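Here is a short tour of a protein model, meant to be read with the structure open beside you.

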Amino acid sequence: MRIGIFIACLVAGSWPGVLCAEQEGAGGVDKFRQLGPLLRDASVYRSASGAPGPQYWQQRADYKIKARLDEQARTLTASQTIRYTNASPDSLRYLWLQLEQNRFRADSLDSRSRTAAVAEDGYSDQLGFNEMRRHQALQDNNHGFNLTRVEDGGGKPLSYTIVDAMMRVDLPRPLAAGAAISLRIDWNFSILDEEAMGSRGGYEWFEENDTYIYFLAQWFPRMVAYTDYTSWQHKAFLGRGEFTLEFGDYEVELTVPADHIVSATGTLTNAREVLTSSQRQRLAEAREGGRPVYIVTPEEAAENEKTAAPGTRTWRFNARNVRDFAWASSRKFIWDAMGHQQQEGEHKTVLAMSFYPNEADPIWSRYSTEAVVHTMEVYSRFAFPYPYPTAQSVNTWEVGGMEYPMITFNGFRPEPVEAEDRENLVADTPDSTYSRTTKHLLIGVIIHEIGHIYFPMTVNSDERQWTWMDEGINTFLEHLAELEWEENFHSFNDELSILDYIGGYMQSGDQVPIMTQSDSVLQFGPNAYIKPAAALVVLRETVMGRELFDFAFKEYARRWRFKRPTPADFFRTMEDASGVDLDWFWRGWFFSTDHVDVAVAGVREYKVSSMDPDVEAPHQRRLDRQRRAEPIEQVRNRQAQRRTRVQQNPELEDFYNRHDPYTVSNADRNAYEEYIAALEPWQQRVLARAVAADEYIYFVDFFNVGGLVTPLPLELTYADGSRQRVDIPAEIWRRNAEQVTRVFISPQRLTAVELDPAHQTADVDRANNYFPGRIQPSRIELYKREKDDRNLMLDMLVKLRAKDDSAGDDPAVPLSRPE
């Protein structure tokens with residue numbers, strides 16, 4: 001039993017022996033068995049077509065929050081009211097809330113279950129500086145929620161139990177189906193140093209001028225999702241399986257230092273109280289679109305961060321029908337905006353905005369807001385019009401990104417020019433430059449995070465259970481959007497194609513199927529992001545074709561907009577809307593760890609024999625001479641003029657020495673006449689036409705080395721130089737998934753066969769894709785060295801080699817054993 005299939009059995013929640021027996025069949029036929037028990041049965045909540053059922057339901061949670069940021073103490077204090085509506089058919093005796101800040105307590109499940117890093121040699125103990133820094137931060141701060149009030153809407157205290165980063169609130173009486181309840185919760189916590197804790201929110205400290213950017217996410221107690229397929233989704237948050245949430249309306253008041261600029265989910269409702277008349281005028285101008293307009297200029301931001309102003313201001317935001325709320329606040333922010341016009345959808349003008357410090361320029365002012373608009377243009381074409389009034393990109397850290405409704409936190413900044421280099425620069429050199437890699441990483445992360453506002457912020461999949469449903473689908477759309485940004489966009493290091501990039505991972509040993517629960521995924525990035533995205537590229541470009549795929553995918557997005565789909569809903573909708581049976585595809589790509597590697601194993605050439613001995617004897621003589629090699633010893637004996645014994649003694653010759661084996665006898669001719677007479681008239685006509693056509697017949701063998709069944713796109717090259725494209729569907733493997741033979745008939749002689757010439761199947765080994773075999777050209781370096789990520793702009797200005805980018809490294813703390 002393959003380990004991938006065994007894990008898939010466990011993931012599906014079925015008894016492994018039963019399900020694996022259902023999957024493992026003779027001859028590989030089960031590669032095409034319908035998914036059956038791997039998918040949850042259809043119900044009144046979720047139909048067999050993949051659409052929401054007639055009795056589909058989901059809960060609702062509306063929030064009113066008043067929060068105060070204390071910059072001196074770096075704490076957040078808040079009071080919130082939740083209006084929770086039970087739309088399920090169930091009566092609820094208790095409610096569950098998420099307290100994600102508790103993940104950063106020293107005694108949390110996440111903190112207690114962290115494993116040691118593995119040293120490069122695999123044996124030595126190793127402790128990184130980042131891990132030691134996190135340990136020290138836990139010692140210095142008491143992180144996590146401090147709850148000061150938990151009451152019902154009438155002010156009566158409610159009993160509650162905290163379980164790690166979850167809280168169960170016990171109700172005095174069950175919440176009936178269709179009923180609603182209000183909760184009042186007061187709380188405070190110390191804001192995290194994001195860089196020290198590795199969190200998704202907190203603050204970034206700029207040591208050079210002692211300034212801060214605050215970015216708050218998972219910052220308030222949120223209702224746990226209650227669903228028809230898993231009840232309460234209260235599996236602990238361990239850092240990877242992100243968030244499963246309910247839709248609702250938000251009214252949020254944020255009190256911050258008076259000189260801060262705030263970016264937040266939703267629409268600002270009190271602009272006159274917090275913005276100057278000039279800023280409001282610029283904002284109105286920006287809505288007209290065309291190009292980004294500064295609301296706060298770089299010069300104004302630089303002046304603003306020099307000294308902290310006294311007092312506070314309260315920013316008020318409303319957000320309708322969102323599943324979360326996040327915000328950022330700083331006196332460092334430059335702010336630019338641009339209106340994006342939509343022909344369809346509720347919001348005809350969407351305000352695209354970017355917030356970033358001067359340290360992020362010149363690259364952010366040039367690309368951030370443009371990338372936000374580009375994302376909406378591309379994603380709306382594949383899914384639905386952008387559903388909210390604003391879309392924001394905020395620079396909150398140096399690398400990476402994170403998504404929330406209407407707001408995203410994005411990294412990547414240009415490299416500052418060092419003082420020792422500046423004397424070698426031309427006069428008008430900017431303070432910062434950027435490499436092509438940094439440029440593409442920034443544009444890519446903005447596309448990715450803004451794209452998440454579609455998936456899963458609108459198509460509300462369960463991130464805690466199935467990471468691929470938002471990260472994989474979104475990475476697929478990100479890839480399409482990047483290629484529409486500019487050709488040869490570098491998304492995957494030196495590989496331009498996602499299908500070439502994924503090959504190494506799909507051959508690796510420590511894999512689990514895509515369908516594995518998020519926190520149990522190994523090689524998280526390739527598994528949850530790249531492999532499902534690559535699968536969808538293959539599905540669109542090779543299996544279904546763009547027209548069928550795009551229609552079915554858009555139908556999935558339309559059906560599940562503002563609803564919560566499961567994998568079965570996605571799989572069924574793609575089949576239902578396209579009319580294409582894809583169970584074999586889902587089984588191979590999502591439920592197994594097989595990979596695509598098909599070899600062109602052999603090619604044999606024939607022509608139709610007429611069976612007429614007078615016609616066939618000359619052909620047979622020629623073919624036998626071509627096939628039967630004369631023994632090398634015999635050839636060299638003749639060259640040495642060594643005579644055989646029979647040549648020396650002619651009397652030893654007999655009938656067999658003088659007889660021509662290709663001589664046609666009357667018996668041969670009689671046998672031919674009998675053969676023709678035994679054929680049916682239609683068979684005689686078929687034979688006569690085939691002989692007259694004199695066509696070439698080829699038997700081409702394919703071996704499935706990797707185990708994953710796949711279509712076979714071929715390019716056939718003929719003797720006259722012409723080429724023919726042939727697309728063989730994956731169903732050719734339905735009776736034997738290990739080896740198949742395909743027959744080709746052509747008037748032209750075939751000289752070469754190439755499998756997957758366009759690199760569209762994710763085949764991991766191209767060396768066996770050719771017949772006859774082909775030498776693969778490459779270059780070899782005499783001295784092995786690490787590749788530099790060249791900053792071409794800085795190279796041009798100072799003609800110096802850019803330094804290696806080591807932002808992701810965590811050097812080891814020196815360790816010694818005590819005596």
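How many helices and strands does the secondary structure of the protein chain come to? The count is 25 helices and 32 strands. Please keep in mind that this is a predicted model.

| Property of the protein chain | Value |
|---|---|
| Residues that count as buried | 50% of 819 residues |
| Contacts joining residues at least 24 apart, among those between residues at least 6 apart in sequence | 74% |
| Accessible surface | about 39,900 Å² |
| Part of the accessible surface that belongs to carbon and sulfur atoms | 49% |

Now to the interior. In soluble globular proteins, nonpolar side chains tend to be buried together. Here, the largest nonpolar core has 194 residues, and W219, W327, F409, F570 and F590 have the most contacts inside it. Helix α9, spanning residues 363–382, supplies the largest share of this core with 10 residues. Another core, of 6 residues, lies apart from it and includes F104, L138, L192 and M197.

F590 is worth a click, as it also belongs to helix α18 (residues 583–590). Is that helix mostly covered or exposed? Mostly covered: 8 of the 8 residues of α18 are buried.

Key
Residues are numbered from 1 along each chain as its sequence is written. This is a predicted model: local features need pLDDT of at least 70, side-chain atom pairs count only at pLDDT 80 or more; totals for chains, interfaces and linings use all residues. Side-chain values use heavy atoms; hydrogens and water are left out. Helices (H or I, at least four residues) and strands (E, at least two) are DSSP runs, numbered from the N terminus. Buried means under 20% relative accessible area, exposed over 50%, partly exposed in between (1.4 Å probe, protein chains only). Contact means heavy atoms within 4.5 Å. Accessible areas come from the Shrake-Rupley method with a 1.4 Å probe; for residues, only the protein chains shown count as cover. A nonpolar core is a set of buried Ala, Val, Leu, Ile, Met, Phe, Trp, Tyr and Cys residues joined through side-chain atoms within 4.5 Å.
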